[in-house]
Amino acid sequence: MPAPIRLRELIRTIRTARTQAEEREMIQKECAAIRSSFREEDNTYRCRNVAKLLYMHMLGYPAHFGQLECLKLIASQKFTDKRIGYLGAMLLLDERQDVHLLMTNCIKNDLNHSTQYVQGLALCTLGCMGSSEMCRDLAGEVEKLLKTSNSYLRKKAALCAVHVIRKVPELMEMFLPATKNLLNEKNHGVLHTSVVLLTEMCERSPDMLAHFRKVSLVPQLVRILKNLIMSGYSPEHDVSGISDPFLQVRILRLLRILGRNDDDSSEAMNDILAQVATNTETSKNVGNAILYETVLTIMDIKSESGLRVLAINILGRFLLNNDKNIRYVALTSLLKTVQTDHNAVQRHRSTIVDCLKDLDVSIKRRAMELSFALVNGNNVRGMMKELLYFLDSCEPEFKADCASGIFLAAEKYAPSKRWHIDTIMRVLTTAGSYVRDDAVPNLIQLITNSVEMHAYTVQRLYKAILGDYSQQPLVQVASWCIGEYGDLLVSGQCEEEEPIQVTEDEVLDILESVLISNMSASVTRGYALTAIMKLSTRFTCTVNRIKKVVSIYGSSIDVELQQRAVEYNALFKKYDHMRPALLERMPVMEKVTTNGPTDIVQTNGETEPAVLETKPPPSGLQPASQANDLLDLLGGSDITPVIPTAPTSKPASAGGELLDLLGDLNLTGSPISAPAPQIAQPPFLLDGLSSQPLFNDIAAGIPSITAYNKNGLKIDFTFERSNTNPSVTVITIQASNSTELDMTDFVFQAAVPKTFQLQLLSPSSSVIPAFNSGTITQVIKVLNPQKQQLRMRIKLTYNHKGSAMQDLAEVNNFPPQSWQ
Amino acid sequence: MIKFFLMVNKQGQTRLSRYYEHVEINKRTMLEAEIIKNCLSRSKDQCSFIEYKDFKLVYRQYAALFVVVGINETENEMAVYELIHNFVEVLDKYFSRVVSETLNLL
C-alpha cells in the first residue's frame with residue numbers, strides 16, 4: 001500500500017479539477033483510500049489522513065467516518081497527532097455525537113500536561129465544542145488554569161470559561177474569585193479575554209453585574225483605557241497608529257453594560273469617554289470604529305447632556321464622510337437614538353435626506369427608516385416631497401415599506417385634507433401595485449371622511465385610471481369612489497380644480513374596461529361591478545347599459561362575480577323599488593377597531609362588497625320609504641326610531657343606507673351578526689343580550705299591560721327584569737286578532753327616547769290568525785341605564801280584509817317596576 | 001458574536017470556512033454560494049456591510065478572494081472590518097510569499 005499523499009498534494013490535485021463533477025470524483029477516490037487506511041489501523045499516517053479529511057469536510061463533503069480517528073489521535077503522545085486530532089474534534093464533533101464524551105478523559109489529562117501547548121490545545125477544544133457534561137466535569141481544571149501566571153494559558157482559560165458559562169450558567173460563581181486579578185495583567189491577550197469573560201458574566205447575571213459595579217471595576221477599566229490612549233507607540237499592539245483598538249472597543253462595550261441604568265458608574269466614565277471621543281484619530285477606519293463604539297456607549301449609559309450632544313455631533317460628522325461604511329454605521333446609530341434625542345437628530349435632517357439618493361441599498365434603507373422617524377408636523381411637507389421622489393426612484397423591495405410609511409406619516413401630520421388626498425393619489429399612481437392590501441380600506445375610509453373633497457378626489461382618481469388601470473389598489477380605490485361619487489364626477493362640480501367634462505358613458509366605459517381587462521384581479525373586478533351597479537341610481541340615462549353589463553356577468557366563470565351579478569340582476573327585476581334605497585350613498589365611517597363580539601374590524605369600504613352577497617330580502621322587509629314615514633310621524637324629536645328586522649336576514653347594505661337617511665339610527669338586528677355594520681354602536685347591548693334570548697332569573701312579577709287595542713288588534717306587553725342587569729327590561733309582546741279575518745304581513749315597529757336603547761328580536765310570524773286563535777310573539781329588550789320613565793311609540797302595519805292598514809300609538813302606561 | 005468566517009474566491013470555491021454555530025453540511029454550501037453571490041453583486045462604492053437574513057455580513061475583497069464574516073447585531077461592524085484586515089496581515093506575516101501573491105497585498 002503506497003504511502004497516502006500529503007495534504008498539499010491533495011489540495012493541488014483538487015484545484016486542477018475543472019468541473020464540480022471532476023472534483024467530486026477525486027474526492028471520492030481519496031475518501032476511499034482514506035477509509036481503507038483507517039481500517040488498517042495505520043498509526044503513522046493517521047494524522048495525514050485526518051488532515052485531508054478535514055480539508056474535504058471544509059469543502060462540503062461528509063466526513064463523519066473520521067470521528068473515531070480523531071479520538072485516537074488525541075490519545076496519542078505525539079504533538080503533531082494531538083494537534084490534528086483536536087482540530088478534527090473541533091470541526092467534526094459536537095454534542096450531537098455520542099462519541100464526544102470519550103474525549104473527556106483525554107482532555108482532562110491534557111489540561112494537566114507539562115507542555116503548555118498541549119494544555120492550550122485542550123483548552124481550545126473544550127472551549128469550542130464542550131458539551132454541558134464535559135464542562136461540568138472539567139470546570140475545576142479550567143478554573144485552576146485561570147489563576148496560573150502563564151499568560152498564554154490564562155488567556156485561553158478565560159475564553160474556555162466563557163464557553164463553560166454559556167453552557168452551564170450555574171457554574172458562573174466558580175469563576176468569580178479568579179476574576180479578581182485578571183485585569184492586573186500587562187499582557188493584552190489576557191486583558192482582552194478577561195474583558196470578554198467579564199462581559200459575558202455581566203450580561204448573563206444581574207447579580208454579577210451588581211457585584212462588579214460594587215467592586216469598582218469601572219475605575220480599573222477606565223485606567224486601562226487611559227493607558228492605551230496615552231501610551232506611546234507600541235509596535236506589537238499598533239494598528240494604523242492606534243494602540244490595540246480591539247481591546248479599546250471591548251472595554252468600551254463592557255463600560256456600556258456597567259453604566260447602563262447606573263448613575264455612579266456612568267459618572268465615573270464620563271471623562272474617559274469624552275477623552276476618547278475627542279482624541280481619537282478619525283482619518284482611518286480604525287479610529288472611526290472606536291468612535292462608533294464610544295458613541296454607542298454614550299447613548300446607552302446615563303451620560304450628561306453635553307456628552308450626548310458630542311456623540312450626536314460625531315454621528316453627524318460621520319454622515320458627511322465619504323466612506324460608505326461610516327455613513328451606514330452613522331445612520332444605524334441615529335436610528336437607535338432618534339427616539340430619545342429627537343431634536344438633536346433633527347439638526348442633521350438634510351444630510352439624512354440626501355442619503356436617500358445614495359447608490360447603496362443598505363444606506364438607502366437606513367435613510368428611509370430614519371426619515372420616517374424624523375417626520376413631524378413642521379417638516380412634513382418638505383419631507384414628504386423628498387420621500388415621494390424617493391418612492392419614484394427606489395428599488396421594488398423598498399416600495400411597499402415606503403408606501404406604508406408615507407401613508408402613516410401623512411395620516412398623522414397632514415396639514416390639510418387636500419394635501420393628504422394629493423399625497424395618497426401620488427403614492428397610488430407611482431407605486432400603486434406595491435401598496436399593501438390593508439391600505440385600500442383605510443384609504444376609502446379616509447376619502448369618505450373628507451366630505452368636501454369628494455368631487456375633487458373622484459375627479460383625480462378618474463383621471464388616474466383613464467390612462468392606466470393595471471395597478472390594483474389604485475383601481476380598487478378609484479372604482480369604489482367612482483361608484484359612490486359618480487354623480488359628482490359627471491355633473492362637473494369641483495371647486496378645487498378645473499372640472500372636466502365626463503359623460504356617463506365614458507365613466508361606464510372605464511369601469512367596463514377594468515372588468516374585462518386581464519390585468520384586473522378578481523377582487524378588483526368585484527369592486528368594479530359593484531361600482532357599476534351603484535351608478536345605476538346615480539346616473540340617469542345609462543341604466544339600460546348598466547342592466548346589460550350586469551346581466552352579462554350573471555354567467556361569469558368567476559363565482560364571486562357571478563353571484564354579485566345575479567343578485568344585482570334580481571334587484572333590477574324583482575326589487576326595483578328597493579334599488580335606490582339599497583344603493584344610496586355610504587355614510588361617513590368612523591374608524592372601527594376590533595371590538596369584541598360585534599367584531600366589525602373593517603370599515604364599510606371593505607365589508608360593502610361582502611355585504612351585498614347576502615340574498616335580496618323576501619317581501620317582509622320594510623323599505624326605506626316606510627322608515628322615513630316613521631321619522632316624520634315621530635316629529636324628529638328626541639325619539640330615535642328603531643326598525644325591526646324581517647324574519648330572515650336582510651342585506652345590511654340596506655341598513656347602511658337607512659342609517660344614512662335616519663341619522664344615528666340604532667339598527668338592532670336579530671340573527672345577522674357579522675354583516676350588519678354597527679356604526680357608533682356601543683356594543684354592550686348586543687354583547688350581553690344577543691347571546692341570551694331571555695333572562696333566566698326573573699324578578700318578582702311585574703304587571704303586564706295592554707299597549708294597544710283597536711280595530712280588533714290587541715297588543716299586550718309582559719315584562720321581565722333581571723337581577724343581574726337591572727337596567728335591562730325584556731318586554732314580550734303578544735299580538736292577537738279578534739276579527740273574523742286574518743291579519744297578514746304584520747310588522748311591529750317601536751321607537752324609544754334617545755336615552756334608551758332598543759333591540760327587537762324576530763317575531764314568531766307575520767300572520768295573526770283570526771278569532772284570537774293564535775298570537776304573534778316578539779321580544780323587545782330595552783336598555784335603560786338612566787332609569788328614566790319608559791315611553792314608547794309604536795307603529796303597526798298589516799294587511800286586513802284586502803287593504804293595507806297602518807296605525808301609530810304611544811304607550812305610556814308602563815308600570816313603574818318595569819323601569820325603576 | 002461572530003457566526004462564521006469564510007474565505008471564498010470569485011468563482012465560488014471555498015478556500016477557508018469556519019462555523020462557530022452548528023450548520024448542516026449541505027446547508028453550508030448553499031449558504032456560501034448565496035453569500036458570494038451577494039458580495040459579487042456589490043459595486044466598489046457600496047458599503048461593506050450587507051444585511052442577510054437575520055445576521056449581517058461584513059466582507060472585504062482582496063483581489064480575487066473575498067473574506068466574509070457573519071456577525072449578529074451585537075458586534076461593532078467596523079471593528080470586525082478591521083479584524084479581517086488584521087487576520088490577513090497575520091497570514092501575511094506567517095506565510096508571506098504565498099499570501100501576498102494571492103491577495104495582491106502591498
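A residue is called buried when its relative accessible area is under 20%, exposed when it is over 50%, and partly exposed in between (1.4 Å probe, protein chains only). The model examined here is predicted; local features need pLDDT of at least 70 and side-chain atom pairs count only at pLDDT 80 or more, while totals for chains, interfaces and linings use all residues. Residues are numbered from 1 along each chain as its sequence is written, chains are lettered from A and ligands numbered from 1 in the order in which they are written, and side-chain values use heavy atoms, with hydrogens and water left out.

Salt bridges were identified as a side-chain nitrogen of Lys or Arg within 4 Å of a carboxyl oxygen of Asp or Glu. Over all chains, the structure holds 43 of them. One joins A:Asp94 to A:Arg96, at 3.3 Å from N to O. In this pair A:Asp94 is buried, with a relative accessible area of 17%, whereas A:Arg96 is exposed, at 52%. Another salt bridge joins A:Glu143 to A:Lys147 at 3.0 Å, and A:Glu143 is buried, with 13% relative accessibility.

Helices are DSSP runs (H or I, at least four residues), as are strands (E, at least two), numbered from the N terminus. Helix H24 of chain A (residues 417-431) contains both A:Arg418 and A:Asp422, which lie four residues apart, about one turn of the helix. Their side chains form a salt bridge with an N to O distance of 3.5 Å. Both residues are partly exposed: A:Arg418 has a relative accessibility of 28% and A:Asp422 one of 22%. Elsewhere, salt bridges with shared partners link A:Arg253, A:Arg256, A:Arg260, A:Glu293, A:Asp300 and B:Glu75 into one network.

The interface of the two chains was examined next. Contact (heavy atoms within 4.5 Å) involves 34 residues of chain A and 28 residues of chain B. Buried area is the accessible area (1.4 Å probe) that two parts lose on being put together, summed over both. Between chain A and chain B this area is about 2800 Å², with carbon and sulfur atoms giving 52%. Of the area that chain A buries against chain B, 21% comes from A:Met58, A:Phe246 and A:Asn325, more than from any other three residues.

Three salt bridges cross the interface of chain A and chain B. B:Glu75 forms a salt bridge with A:Arg253, in which the closest N and O atoms are 3.9 Å apart. On the side of chain A that touches chain B, the elements giving two or more residues include helix H3 (46-59), helix H14 (245-259) and helix H16 (285-300). H16(A) gives the most, with six residues.

Within chain A, helix H4 (residues 67-75) has the buried residues A:Gln67, A:Glu69, A:Cys70, A:Leu71, A:Leu73 and A:Ile74. The elements covering these residues include helix H2 (20-39), H3, H5 and helix H6 (103-111) of chain A.

Cysteine pairs were also searched. A disulfide is a covalent bond between the sulfur atoms of two cysteines; the cut-off used is a pair of cysteine sulfur atoms within 2.5 Å. The search of the whole structure finds zero disulfides over all chains. For A:Cys124, the closest cysteine sulfur is that of A:Cys128, 8.0 Å away and therefore too far for a bond. A:Cys124 is partly exposed, with a relative accessible area of 33%, whereas B:Cys39 is buried, with 1%.
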